[in-house]
Amino acid sequence: MSLDRRTVVDAALALLNEVGLDGLSLRRLAADLGVQAPAIYRHFAGKADLLHAMADAMFDAEMAVLDRPAPAADWADWLIARSRAVRRVMLSYRDGGRLREHMHSPAEHWPGLELLLQMMEETGFTVEQAMSAISALGYHILGSVIAEQEAQRWDDQLSSADADIDPRRFPRLASAAAMRAKGRDFEREFEYGLEVFIAGLRSTLRRPSR
């Protein structure tokens, strides 16, 4: 079988959805492709190299429409749309949040980032402030996705811990734990954090300079 990099990456992403990041191996991938492992090594130096390519490819289709915001667009609207798209992409793959941590900074994404920085600078942010804001928002997105994808393990741990909360000493904590036990709305939590983050960024523009 003749392989190219994209065929290998597509097969690896399909396998990821089946076995998760911890179960992904080049030997298993080669078996799924019907080849020997050396055929994969012709295209990738090792698993780390493959993971980089998978992480980059994960965003190709979804982010293509967002990599060049219109110059007249509102920075906040575009940043919100991009944040939701990034979250949606990672949630569409098993362990997508963990895979995101292997992503390079592909040059294909630079035009969109450049225009976003330009929009924010023209609004009143410094480039340093804009870049810090984008990075911090990225941590919010990634953290929310990883929490959601590991929800079952965390819920099991929280359930056992919640049983030890004394409602007489910690009434608010006990109440919050009871609500959490009914199930978390991860999308609502993400949107709330996104709303607070954008509101905070807007407020910095209204502060008088010293």
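The structure is a predicted model, in which local features need pLDDT of at least 70 and side-chain atom pairs count only at pLDDT 80 or more, while totals for chains, interfaces and linings use all residues. Residues are numbered from 1 along each chain as its sequence is written, and side-chain values use heavy atoms, with hydrogens and water left out.

I begin with helix α1, residues 5-23. Helices here are DSSP runs of H or I, at least four residues, numbered from the N terminus. Where is the kink in α1 centred? The kink is centred on Asn17 and amounts to about 90°, the bend being the angle between axes fitted to the seven residues ending at a residue and the seven starting there.

I turn now to salt bridges, defined as a side-chain nitrogen of Lys or Arg within 4 Å of a carboxyl oxygen of Asp or Glu. The whole structure holds 11 of them. Within α1, Arg6 pairs with Asp10, with the closest N and O atoms 3.0 Å apart; these two residues are four apart, about one turn of the helix.

A second salt bridge joins Arg87 and Glu148 at 3.2 Å, N to O. Arg87 belongs to α6 (residues 75-91) and Glu148 to α9 (residues 127-149), so this pair ties together parts 61 residues apart in sequence.

Finally, Glu189 and Arg184 form a salt bridge, their closest N and O atoms lying 2.7 Å apart. Through shared partners, salt bridges also join Arg6, Asp10 and Asp60 into one network.

How values were computed:
The expected span of a helix is 1.5 Å times one less than its number of residues.
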